[in-house]
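Please keep the structure open beside you while you read them.

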Amino acid sequence: MPDFFIPKLCVLVLLIAVIGCTRDYPSLDGPRVVAVTPPASTTPGSSSTSSPGSSTAVPPAPFDTLKVSPPRFSPDGGTFYLNTPVRLIADTLPAGAVIEYSLDNGSNWLTGDQFTVATGGTVLARIRAGSKLSISRGASFALYFKRMLILGNSIMSHGPVPDLGWFNFNGMAASAPEKDFVHLLTGRLRALYPTITVDLESGGGFERDFGTAAYSIDEFTPILQRVKPDLIVLRIGENIDQELVAPRNFEKQFRELLDLLANYGQPVRLVCTTSVWNKPKSDAIVRAVTLEKGHALVDLSPLVGQGGYFASQYKDPGVAAHPNDAGMQRIADLIWEKIQ
């Protein structure tokens, strides 16, 4: 063979080898799950509004996808009552394939063709067959409630005390009833269900007397049975003496309280908050127990020690320690995020 053919032959052999390697060892990038960002909730002073009721197909992954349509939602997004069932329907389901859905924007996937609406936000659905995935479809859901019960303290409501310079009958230190967190929260819930009922009950007895022989959490049983709430907001903590947290076993008492509220006989969404004051021992227990039991936790620590959220215009230090209008708005915003 002439010498000048040898370089060309070597190039040809090299190209064939490269092509063969490409066929045998495809890209290792794998399938890409494209997250769907949940719509923003309506907040005072903002024009952005959640728009449930539409579903969106996520763009195809670049590699190793199934050639099937993602499951459809029935109903296909919208505003629904707590625990409304939603079916996932696949037009085509290959042999051995399963339907999966995600309630946390694709971080975790559950297998099943039905879920219940327990929180608001975007739910994703897809089909999986082994390591192959279909594209994902998302549908947006919002929750409405019919009966809300708030267990709170003076931040929730306090009558006039003229000697302290407090003359209103609403959440203490708010400038008007419509400015406290109860009314702000109620306004948002009524936008979804205009006839929602709202009941307020003092949790001050639990705050001060938990773990004593004279106190029982059964004080809440009558109002639970009368109101039959489907939404409970537990907004307490400021009156808990930190020196009594361990001696009176606050953790045990708080566990029992959550069990009573969550299992009184009707489906209910339970939302618990930490304190707006510096209460490190009790707040640590509230955080741990609430999350352990799977309830919604509202962390109010961003308000702690922030003077702009408290009513310094009052001379009485007790009143001044309560949230002002800005603080009440912040509390309502943070609770609303967890309700939905």
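1. Two strands are said to pair if DSSP finds at least two bridges between them. In this predicted model, five strands form an open sheet with parallel pairing, and their order across the sheet is β12-β11-β13-β14-β15. The edge strands, each pairing on one side only, are β12 (197–202) and β15 (296–298), and from one strand to the next the twist averages 20°.

2. Inside that sheet, strand β13 (residues 231–234) runs parallel to strand β14 (residues 269–273), and four bridges join the two. To find a place to start looking, take Val233, whose bridge partner in β14 is Val271.

3. Two helices lie across strands of the sheet. Helix α2 lies across β11 (147–152), β12 and β13, and runs at about 165° to β11, while helix α5 (residues 250–262) lies across β11, β13 and β14, and runs at about 160° to β13.

4. How do the axes of α2 and α8 cross, and at roughly what angle? The axes of helix α2 (residues 181–192) and helix α8 (residues 325–339) come within 8 Å and cross at roughly 40°; the two helices are therefore oblique to each other, and their crossing is right-handed.

5. On the α2 side, this contact is made by Phe181, Leu184, Leu185, Arg188, Leu189 and Leu192, and on the α8 side by Met328, Gln329, Ile331, Ala332, Asp333, Ile335, Trp336 and Ile339. Sorted by class, the contact of α2 with α8 has 11 nonpolar residues, one polar residue and two charged residues.

Note on methods. Residues numbered from 1 in each chain as written. Predicted model: local features only at pLDDT ≥ 70, side-chain atom pairs only at ≥ 80, totals over all residues. Heavy atoms only, no water. Axes fitted to C-alpha atoms, helices over the stretch in contact; angles between N-to-C directions. Parallel < 35°, antiparallel > 145°, perpendicular 65-115°, else oblique. Left-handed = near helix turned anticlockwise from the far one by under 90°. Contact = heavy atoms within 4.5 Å. Nonpolar A, V, L, I, M, F, W, Y, C, P; charged D, E, K, R; others polar.
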